[in-house]
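Please look over the sequence and structure below before reading the notes that come after them.

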Amino acid sequence: MRCFIGIFLPKEMQGMLENIQKQIGREYAKTKWVLPEQIHITLKFLGEVDDKEIEIIKEALLGVHFRKFQISLDRIGWFPNDERINVIWVGFRPEKDVLNLHGEIEIKLGSLFDKDERFAVHATLGRVKYVKNKEKFLKALRNTKVLCEDFLVEGFSLVKSDLSKDGSEYSVLKTYDLW
């Protein structure tokens, strides 16, 4: 099964992100938007794992001891660059606690998975299929307003991701509370 570890966002934040998705210049690019309830910060993508490995991962993640923390939406960005826009994302601030939680998870899963070479604190809003007018699309992205309301991160989840023609379907396998 295909899995990841992530932080899901509270309902009120999902509504804000849906509004941000609607602000972005839809007339300038064809984008597959992530459903608001599925928007999350990926702490670690695990890829394909079997049932035996899932049990080992669940046990290892019990060893993550981290305190609750506040973060807020920061800015809109895109990967990989201005020339080729594939993913539209929203960043968070401060990044320090998310980076440290990611580091804790990396340590606990160190014997099972390679360390992430690059890790960016973000949540994907949409995947760009094609751009009709790059100049206007970039301007629309740069002009998109992000409200910076704080929210409390109280835990993270081990999630199974099933791919279908309609997009990904997520099933939470286990949630881990922060203290």
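This briefing on a predicted model takes up the nonpolar core, the strands and the salt bridges in turn.

**Nonpolar core**
- The largest nonpolar core has 51 residues, and the members that touch the most others are Leu61, Phe92, Leu101 and Phe156; strand 4 (residues 69-80) gives the most to this core, with 5 residues.
- Beyond its neighbours within four places in sequence, Phe92 is in contact with residues that include Leu9, Ile41, Ile71, Val121 and Phe151.

**Strands**
- Strand 5 (residues 85-93) is largely enclosed by the rest of the structure, because 7 of its 9 residues are buried.
- A hairpin of 4 residues joins strand 4 to strand 5, and these two strands pair in the antiparallel sense over 7 bridges, with Arg93 of strand 5 as the bridge partner of Ser72.
- Strand 5 also runs antiparallel to strand 6 (residues 122-131), to which 5 bridges join it, and here Trp89 stands opposite Thr124.

**Salt bridges**
- The structure holds 10 salt bridges, and Lys44, Glu106 and Asp116 are linked in a network of them.
- Asp97 and Arg67 meet through their side chains at 3.1 Å, N to O; Asp97 lies in helix 3 (residues 96-108) and Arg67 in the loop between helix 2 and strand 4, so the pair ties together parts that are 30 residues apart in sequence.
- Within that pair, Asp97 counts as buried at 10% relative accessibility, whereas Arg67 is partly exposed at 37%.
- The side chains of Asp82 and Arg142 form a salt bridge at 2.7 Å, N to O, which links the loop between strand 4 and strand 5 to helix 4 (residues 134-143), the two residues being 60 apart.

Terms used:
Residues are numbered from 1 along each chain as its sequence is written. This is a predicted model: local features need pLDDT of at least 70, side-chain atom pairs count only at pLDDT 80 or more; totals for chains, interfaces and linings use all residues. Side-chain values use heavy atoms; hydrogens and water are left out. A nonpolar core is a set of buried Ala, Val, Leu, Ile, Met, Phe, Trp, Tyr and Cys residues joined through side-chain atoms within 4.5 Å. Buried means under 20% relative accessible area, exposed over 50%, partly exposed in between (1.4 Å probe, protein chains only). Contact means heavy atoms within 4.5 Å. Two strands pair if DSSP finds at least two bridges between them. A salt bridge is a side-chain nitrogen of Lys or Arg within 4 Å of a carboxyl oxygen of Asp or Glu.
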